[in-house]
Amino acid sequence: MSNINWELKNCCDRDQKVFIATIGIFTVVILALWRTVLLTPFKLITVFLHETSHALACKLTCGDVEGMEVHANEGGVTKTRGGIYWIILPAGYLGSSFWGMIFILASTNSLTTRIAAGLFILALFIVLFIAHNWTLRSLCIGFILFLAVIWVCQELTKFKILRYVILFIGVMNSLFSVYDIYDDLISRRVNSSDAEKFAEICPCPCGGVGWGVIWGFISFIFLCASIYLGLVILS
């Protein structure tokens, strides 16, 4: 542990500069193209990870997952029975941020990039069997093929782009979770949002908006932590 450069002394070398610059470029690109169809597949995969987080929270609290759906309008639903509801509800937003951090950190190393891509493909394959609509099934199949092609190019050519795809998915998840909280709870106030439902069982003086702000702050901390830890890993 003593060899870990927690203080980031002598930051930043070439790899660290590339890491920061790439995250910055991806952030600008994502925000610039936010309302275009070009980002739709990546938005839907973020919704997929949001719903997957609900499902995992349900299973980890001894509940049953009856099905998952991701809709073309960037909405989604996970049908659960049992489990601990007050853990399942925030798992969607916070889970997206957590997965974003995992993908960002995984992109710092070629081995962890491959592991993240492999586990992601496995998760997409498993969800095929509990998907309740063709949007989600098509999304799973499409991203399995997309990642497989990128992986083959990674191994057989000089184009080592798999880590950048994983990093892009990570940044997309981190940004989308914060934006989704703002969009659902502040800009247009969706009464059926997870935070509004959470406020019904765990009252907050500001209602669902209060919980949304708290979750948004936690999501922002996840993003900052992923950048810091990424720099530590690369140091």
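I take buried to mean under 20% relative accessible area, exposed over 50%, and partly exposed in between. With that cut-off in hand I looked up Glu74, and at 30% relative accessibility Glu74 therefore counts as partly exposed. I note for all the entries below that this is a predicted model.

I then turned to the segment before helix 1, where Leu8 is found; Leu8 is not a glycine either, and its phi is positive at about 55 degrees. The relative accessibility of Leu8 is 19%, so I put Leu8 down as buried. I also looked up Cys12, in the segment before helix 1 (14–32), and noted that a cis peptide bond joins Cys11 and Cys12, with omega about 20 degrees.

**Entry: helix 2 against helix 3**

I next asked how two helices sit against each other, since two packed helices are described by the angle between their axes and the distance between the axes. For helix 2 (residues 40–60) and helix 3 (residues 85–106) I read an angle of about 125 degrees, with the axes 7 Å apart. Helix 2 and helix 3 are therefore oblique to each other, and helix 2 passes helix 3 in a right-handed crossing. The contact draws on residues of helix 2 including Thr46, Leu49, His50 and His54, and on residues of helix 3 including Ile88, Leu89, Ala91 and Gly92. By class I noted 11 nonpolar and 7 polar residues in the contact of helix 2 with helix 3, and no charged ones.

I picked out His54, whose place is in helix 2, and I count His54 as buried because its relative accessible area is 6%. Not counting residues up to four places away in sequence, His54 touches Thr78, Ile88, Leu89, Ala91, Gly92 and Asp194. I then looked at Ala55, also found in helix 2, which is buried with a relative accessible area of 9%. Leaving aside neighbours within four places in sequence, Ala55 is in contact with Val65, Met68 and Thr78. I also looked up Ala55 and Pro90, which are 35 residues apart along the chain, and their C-alpha atoms are separated by 12 Å.

**Entry: helix 4 against helix 5**

For helix 4 (residues 110–127) and helix 5 I found axes that come within 9 Å and cross at roughly 155 degrees. Since angles over 145 degrees count as roughly antiparallel, helix 4 and helix 5 are therefore roughly antiparallel to each other, and their crossing is left-handed. Among the residues that meet are Arg114, Ala117 and Phe120 in helix 4, and Leu136, Cys140 and Phe143 in helix 5. I noted that the residues of this contact divide into 13 nonpolar, 2 polar and 2 charged.

I followed Ile121, which lies in helix 4, and found that Ile121 touches Ile144, Leu147, Ala148 and Trp151, not counting residues up to four places away in sequence. The C-alpha atoms of Ile121 and Ile144 are separated by 5.6 Å, although the two are 23 residues apart along the chain.

In helix 5 I listed as buried Leu136, Leu139, Cys140, Phe143, Ile144, Leu147, Ile150 and Gln154.

Conventions:
Residues are numbered from 1 along each chain as its sequence is written. This is a predicted model: local features need pLDDT of at least 70, side-chain atom pairs count only at pLDDT 80 or more; totals for chains, interfaces and linings use all residues. Side-chain values use heavy atoms; hydrogens and water are left out. Axes are lines fitted to C-alpha atoms, for helices over the stretch in contact, and angles run from 0 to 180 degrees between N-to-C directions. Helices (H or I, at least four residues) and strands (E, at least two) are DSSP runs, numbered from the N terminus. Angles under 35 degrees count as roughly parallel, over 145 as roughly antiparallel, 65 to 115 as roughly perpendicular and the rest as oblique. A crossing is left-handed if the near helix is turned anticlockwise from the far one by less than a right angle, and right-handed if clockwise. Contact means heavy atoms within 4.5 Å. Ala, Val, Leu, Ile, Met, Phe, Trp, Tyr, Cys and Pro count as nonpolar, Asp, Glu, Lys and Arg as charged, and the others, Gly among them, as polar. Buried means under 20% relative accessible area, exposed over 50%, partly exposed in between (1.4 Å probe, protein chains only).
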